[in-house]
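These are my notebook entries on a structure that I looked through step by step.

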Amino acid sequence: MNKSHDAIIIGGGIIGTATGYYLAAKGLNVLLLEKDYLTAGSTGRCITGIRQQFSTPATIQTAMESVRLFSHMKEELGQDVEWTNSGYLFLAHEESKASTFKKVIALQQEYGLDVRFISAEECRTIVPLLNTDDLLGASWCPSDGQANPFLVVKAYTDNIKSLGRTIRIGEEVVSLQVSGSRIQSLTTKAGNTYSAPIILNAAGPWAREVGLMAGVDLPVYPERHEALITDGVSYMNIPMLVDYRAEGGYFVQRVTGQFIGCYTPEKQVPGKNTESSLEFIVEMARRMCRLIPALENVAILRQWAGSYCMTPDGSPIVDETDVKGFFSSVGMSGHGFMLGPALGKFMADFMVDKSWPFDMKEFSFGRSFGAKEDMA
Amino acid sequence: MTDKINKEDTIICRCEDVSLADVEAAVESGITHPEELKRFLHVGMGPCQGRTCGLLITRILKQRGGSTETVKPTSQRPPFVSVPIKNFIGPEDE
């Protein structure tokens with residue numbers, strides 16, 4: 001079987017489905033291929049947070065556009081995705097952190113973000129249960145929020161299907177065909193070949209392998225992160241609390257009343273291992289109670305693990321590669337769900353019109369990869 | 001037999017209040033992978049972690065021609081039953 005399409009997307013997570021939706025909405029005959037099941041990669045394992053508090057211009061603007069899209073998703077896609085602007089509170093327990101936040105806030109405000117530095121006392125009015133020992137203040141953005149990643153992907157895929165386009169689950173890409181440094185087609189494990197002038201690598205943790213199939217060596221690698229969710233308790237509107245201390249972590253109360261959270265391991269753990277560890281659940285329990293002691297009576301329901309798809313500088317690679325027609329939207333570095341809707345829209349526009357809404361050099365394929373940014 | 005019962009009133013997942021009609025509508029819309037049903041309908045994600053609905057879902061998918069390769073129990077995750085956070089935390093370190 002050899003079928004021709006206008007564009008093919010590799011990957012059924014937030015990036016692939018959002019981009020697929022915006023391409024389909026432009027009238028393109030899109031095919032989306034997912035090797036396992038929808039949200040099987042990073043999207044379905046994230047902790048649902050959506051923030052705009054970043055430290056570089058392109059990321060701030062992308063995240064702000066994403067929040068706009070999330071807040072209108074019900075009207076645009078016809079489905080409720082549990083979007084709530086519950087806010088993000090970045091806690092500063094050290095002077096150096098506080099001054100970094102203040103510097104970054106000034107930049108974020110230049111783009112019109114409703115963010116400000118608040119006192120420990122004000123933190124207590126937002127989260128009365130918060131342990132404010134040693135707390136100097138926090139960077140607070142009330143328009144940050146949360147949504148349900150499963151429902152967002154479902155909303156995008158339902159819309160792709162209702163626009164008459166195809167999504168194939170369980171169809172794994174095994175090779176890409178390039179001719180004259182232009183992408184031509186791809187072949188799947190099932191032995192099907194599909195051709196298109198546009199192919200997008202949205203494979204998340206598998207992005208490097210997919211890139212190499214076309215001879216494109218993307219500087220991305222998966223990194224293991226664990227997460228947990230508790231039983232639901234009454235909704236107290238507790239925003240995402242980000243604790244940057246050595247034994248910190250981040251968690252939020254879902255609209256379901258459940259707490260969901262994780263921490264970044266001190267030492268990076270490369271690879272795609274998604275097994276659960278006892279060490280994580282014990283450590284996370286302790287860290288959550290350090291911030292909100294009252295959580296000791298809440299019960300942990302489930303833990304799991306997933307992969308961040310990292311780049312050396314913590315910013316994604318959203319661009320055409322040096323193989324013409326072969327695009328990448330990868331290396332989300334833990335921000336795929338929150339940036340996904342806007343990046344999907346921008347990428348669809350870029351594929352068709354060859355233009356970005358603002359300077360996206362930070363995300364370019366050919367950049368030199370420096371060190372990680374402050375709030376990356 | 002499933003044609004004779006009231007599908008709206010037949011609860012498949014008690015924790016998340018998902019009926020047989022909900023599951024069938026989802027399958028009808030093209031969701032045929034148990035991991036997708038779990039994520040999109042939340043079946044098996046409540047306090048019982050799929051002890052009741054897991055087998056029912058597997059049976060429904062198999063009855064509708066699901067392949068043995070994909071229709072199997074979803075990932076089981078610790079702690080398997082809800083455990084209060086305080087039970088994970090020992091006495092304060094010195």
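## Entry 1: where the chains meet

I began with the contact between the chains, and I found that 19 residues of chain B are in contact with 28 residues of chain A. I keep in mind throughout that this is a predicted model. On the side of chain B that touches chain A, helix 2 and strand 3 of chain B each supply at least two residues, and the largest share, four residues, comes from helix 2 of chain B. I then sorted that side of chain B by class, which gave nine nonpolar, five polar and five charged residues.

Next I asked myself how strand 3 of chain B is joined to strand 18 of chain A. The two strands run antiparallel and are joined by two bridges, and I noted that A:I300 has B:V83 in strand 3 of chain B as its bridge partner.

## Entry 2: chain B on its own

I then turned to chain B, whose secondary structure comes to three helices and three strands, and which follows the pattern β-β-α-α-α-β along the sequence. The radius of gyration of chain B is 16 Å, well over the 12 Å that the globule rule gives for 94 residues, so chain B is more spread out than a compact globule. Along its principal axes, the C-alpha trace of chain B spans about 65 × 30 × 20 Å.

For the helices I wanted both an angle and a distance, since two packed helices are described by the angle between their axes and the distance between the axes. Helix 1 (residues 20–28) and helix 2 (residues 34–41) of chain B pack at an angle of about 120°, with their axes 11 Å apart. That angle makes helix 1 of chain B oblique to helix 2 of chain B, and their crossing is right-handed. B:D22, B:V23 and B:A26 of helix 1 meet B:L37, B:F40 and B:L41 of helix 2 in this contact, and I counted these residues as five nonpolar, no polar and one charged.

## Entry 3: a second sheet, in chain A

Chain A also has an open sheet of six strands in the order 9-3-2-13-20-19, with mixed pairing. Strand 9 (166–169) and strand 19 (317–320) of chain A stand at the edges with a single partner strand each, so one side of each is left without a neighbour in the sheet. From one strand to the next, the twist averages 15°.

I checked two pairs here. Strand 2 (residues 7–10) and strand 13 (residues 198–201) of chain A pair in the parallel sense over four bridges, with A:I8 opposite A:I199 of strand 13. Helix 9 of chain A packs on the sheet, touching strands 2, 13, 19 and 20 of chain A, and its direction makes about 165° with that of strand 20 of chain A. Strands 19 and 20 of chain A pair in the antiparallel sense over four bridges, and A:I317 stands opposite A:V330 of strand 20. These two strands form a hairpin with five residues between them, and A:G325 in the turn has a positive phi of about 85°.

## Entry 4: helix 9 again

Last, I looked at how helix 9 (residues 336–353) of chain A meets helix 2 (residues 57–71) of chain A: their axes come within 7 Å and cross at roughly 95°. That makes helix 2 of chain A roughly perpendicular to helix 9 of chain A. The contact includes A:L69 and A:F70 of helix 2 and A:M338 and A:L339 of helix 9, and its residues divide into eight nonpolar, two polar and two charged.

Notes:
Residues numbered from 1 in each chain as written. Chains lettered and ligands numbered in written order. Predicted model: local features only at pLDDT ≥ 70, side-chain atom pairs only at ≥ 80, totals over all residues. Axes fitted to C-alpha atoms, helices over the stretch in contact; angles between N-to-C directions. Parallel < 35°, antiparallel > 145°, perpendicular 65-115°, else oblique. Left-handed = near helix turned anticlockwise from the far one by under 90°. Contact = placed C-beta atoms within 7 Å. Nonpolar A, V, L, I, M, F, W, Y, C, P; charged D, E, K, R; others polar. Pairing = 2+ DSSP bridges. Rg over C-alpha atoms; globule rule 2.2 N^0.38 Å.
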